[in-house]
Amino acid sequence: MKHLLDAARIYFVDFDGTITKQDTCAAMVQAFAGEGGQEIEARWERGEISTEECAKAIFDLFQASEEDWRELMSAMEIDETFQDFLVYCRSRQEELYILSDGYDLNIAQILSRFGLEDIPYFSNQLVIKGNKFTISCPHQEQRCKRCGTCKKSLLKKLNKQGKVVVYIGDGTSDICVAGEADILFAKGKLLDYCRQKGLRAIPFQSFGEVVAFLNNLK
């Protein structure tokens, strides 16, 4: 544990269901695609289709406009203690990145609403033209293509100095990258996976718990 105390850290955080209280992508499916969209999402969860394939199939079912999307995003809330975590990271002058297999427009709108638009993030791109929604995946790993945003590849690129990696996540898109973390905080499906596979993970429900644990490392 000593190297975790002494070494500089770098923080990677999932967005949907981790920073936000509700998964914004799932909220879009429920609001605009209905049961058909949920069935497609279940296929993605089982690994039968990629994020890109899943999104395109769901978007074909959408009955929504950009105004509908904006209204939905305006109702999304974040963990009230996330800003405490942000203060903690900045007090140590350490890097923090959001890695998301969700959408840039969702992230940008929500971060801006809470005055957090300066946090760097990597995600899929959501393109809205009239009533047409589509996805672009600039951070996809071409040899795999399972996720639209390959968090494992991004983590390695961003951590060139070999800092201690703190990863915080909750879902299926966090599973591949979980093994790269020196300190892993997990909830939801990610925590279930870690327990099944015997991966060491620290359960959490809020960023307040994350800060408390990290403070106790001192």
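Two strands are taken to pair if DSSP finds at least two bridges between them. Helices (H or I, at least four residues) and strands (E, at least two) are DSSP runs, numbered from the N terminus. The structure is a predicted model, in which local features need pLDDT of at least 70 and side-chain atom pairs count only at pLDDT 80 or more, while totals for chains, interfaces and linings use all residues. Residues are numbered from 1 along each chain as its sequence is written, and side-chain values use heavy atoms, with hydrogens and water left out.

The model contains an open sheet of seven strands, with mixed pairing and the order 4-3-2-1-5-6-7. Strand 4 (132–136) and strand 7 (202–203) stand at the edges; each has a single partner strand, so one side of each is left without a neighbour in the sheet. Strands of a sheet pair through backbone hydrogen bonds, either parallel or antiparallel. Five bridges link strand 1 (residues 9–13) to strand 5 (residues 164–169) in the parallel sense. Along this pair, Arg9 stands opposite Val164 in strand 5, and Tyr11 stands opposite Val166. Strand 5 also runs parallel to strand 6, to which four bridges join it. In that pairing, Val166 is opposite Ile183 in strand 6.

Burial is assigned from relative accessible area: under 20% is buried, over 50% is exposed, and values in between are partly exposed (1.4 Å probe, protein chains only). By this criterion, six of the six residues of strand 5 are buried. Both faces of strand 5 are covered, with Val164, Val166 and Ile168 on one side and Val165, Tyr167 and Gly169 on the other. Helix 11 (residues 207–216) lies across strand 1, strand 5, strand 6 (183–186) and strand 7. Its direction makes an angle of about 155° with strand 6. Axes are lines fitted to C-alpha atoms, for helices over the stretch in contact, and angles run from 0 to 180 degrees between N-to-C directions.

Two packed helices are described by the angle between their axes and the distance between the axes. Helix 3 (residues 34–45) packs against helix 4 (residues 51–59) at an angle of about 175°, and their axes are 9 Å apart. This makes helix 3 roughly antiparallel to helix 4; angles under 35 degrees count as roughly parallel, over 145 as roughly antiparallel, 65 to 115 as roughly perpendicular and the rest as oblique. Contact is defined as heavy atoms within 4.5 Å. Gly37, Ile40, Glu41 and Trp44 in helix 3 meet Thr51, Cys54, Ala57 and Ile58 in helix 4. By class, this contact has five nonpolar, two polar and one charged residues. Here Ala, Val, Leu, Ile, Met, Phe, Trp, Tyr, Cys and Pro count as nonpolar, Asp, Glu, Lys and Arg as charged, and the others, Gly among them, as polar.

In helix 7 (residues 104–113), the buried residues are Asp104, Asn106, Ile107, Gln109, Ile110 and Leu111. These buried residues pack against helix 2 (24–32), helix 5 (66–73), strand 2 and strand 3 (121–129). Just after helix 7, Gly115 takes a positive phi of about 70°. A positive phi also occurs in residues other than glycine. Gln93, with phi near 55°, lies in the loop between helix 6 (82–91) and strand 2 (95–103). Gln93 counts as exposed, at 76% relative accessibility. Lys145, with phi of about 65°, belongs to the loop between strand 4 and helix 8 and is partly exposed at 40% relative accessibility.

The loop between strand 4 and helix 8 (151–158) also holds Pro138, which is partly exposed at 45% relative accessibility. Pro138 touches Ser123, Asn124 and Gln125, not counting residues up to four places away in sequence. The C-alpha atoms of Pro138 and Gln125 are separated by 7.6 Å, although these residues are 13 residues apart along the chain.

A search of the whole structure finds zero disulfides, a disulfide being a pair of cysteine sulfur atoms within 2.5 Å. The sulfur of Cys147 is 6.7 Å from the closest cysteine sulfur, in Cys144, which is too far for a bond. Cys147 counts as buried, at 16% relative accessibility. Cys176 is likewise in no disulfide, and the nearest cysteine sulfur, that of Cys150, is 5.9 Å away.
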